[in-house]
Amino acid sequence: MASANDTRQAPKDAADQNFDYMFKLLIIGNSSVGKTSFLFRYADDSFTSAFVSTVGIDFKVKTVYRNEKRVKLQIWDTAGQERYRTITTAYYRGAMGFLLMYDISNQESFSAVQDWATQIKTYSWDNAQVILVGNKCDLEDDRVIPTEDGKRLADELGFEFFEASAKDNINVKQVFERLVDIICEKMNESLDASPGMASNNHKNTALNETPPAQSSSCSC
């Protein structure tokens with residue numbers, strides 16, 4: 001039996017306008033760490049080994065249920081190449097959550113995590129939630145980043161940490177569920193601090209330039 005905190009996909013996600021909350025999420029990290037594959041595995045439950053570099057930015061929409069609330073996730077897949085950085089950072093503002101991804105078999109992608117974290121701090125609002133994801137954990141024989149190093153870096157940055165695999169569908173759903181949980185928790189904390197704000201409209205706050213946690217609550 002599914003727990004109350006499980007997420008389940010609602011039909012006709014993209015066209016569905018009947019939702020209680022909207023969360024804008026970004027997947028960021030170096031090129032070729034598997035951001036697009038991760039998104040496709042979550043949104044469409046599909047995977048292809050063919051690598052095509054994302055040009056600029058793309059997104060998918062998925063609606064999930066949280067304790068009888070419908071949460072519409074607008075998930076942006078960003079290009080990792082430096083030449084697109086000014087494009088993608090423009091989308092940081094208004095994002096409520098980030099998956100910061102590296103490849104466990106690629107030292108350069110792990111070394112870049114600190115720079116990506118700085119980008120988040122510089123261009124997003126202060127209360128954006130972040131999960132550090134060590135992707136491609138199916139490549140255990142090619143691993144160069146020990147799990148402990150990923151956990152240690154996440155702790156230093158104040159992020160939660162998962163290792164995952166889009167190819168083998170390991171922890172993909174769990175990562176997104178946890179990110180939604182963290183956002184909801186922070187929104188509830190904001191509501192507790194400012195209960196008079198509970199009557200505001202929630203649906204489009206995630207896309208406003210004003211930090212959404214200041215005007216939203218999530219009862220999930």
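Strands S1 and S3 run parallel and are joined by seven bridges. The model is predicted. S3 spans residues 69–78. Within this pairing, Phe23 has Leu73 of S3 as its bridge partner.

S1 also pairs with strand S4, which covers residues 97–103. Five bridges join S1 and S4, and these strands too run parallel. Here the bridge partner of Leu26 is Phe98 in S4.

S1 itself comprises residues 21–29. The strand is mostly covered, with nine of its nine residues buried. In a regular strand, side chains alternate between the two faces of the sheet. Both faces of S1 are covered. On one side lie Tyr21, Phe23, Leu25, Ile27 and Gly29, all buried.

Ala117 was examined next. This residue sits in helix H4, which runs over residues 113–123. Ala117 counts as buried because its relative accessibility is 10%, against a cut-off of under 20%. Its C-alpha lies 9.6 Å from that of Ile28. In sequence, Ala117 and Ile28 are 89 residues apart.

Neighbours within four places in sequence were set aside for the contacts of Ala117. Ala117 is then in contact with Leu100, Leu157 and Phe159.

Notes: Residues are numbered from 1 along each chain as its sequence is written. This is a predicted model: local features need pLDDT of at least 70, side-chain atom pairs count only at pLDDT 80 or more; totals for chains, interfaces and linings use all residues. Side-chain values use heavy atoms; hydrogens and water are left out. Helices (H or I, at least four residues) and strands (E, at least two) are DSSP runs, numbered from the N terminus. Buried means under 20% relative accessible area, exposed over 50%, partly exposed in between (1.4 Å probe, protein chains only). Contact means heavy atoms within 4.5 Å. Two strands pair if DSSP finds at least two bridges between them.
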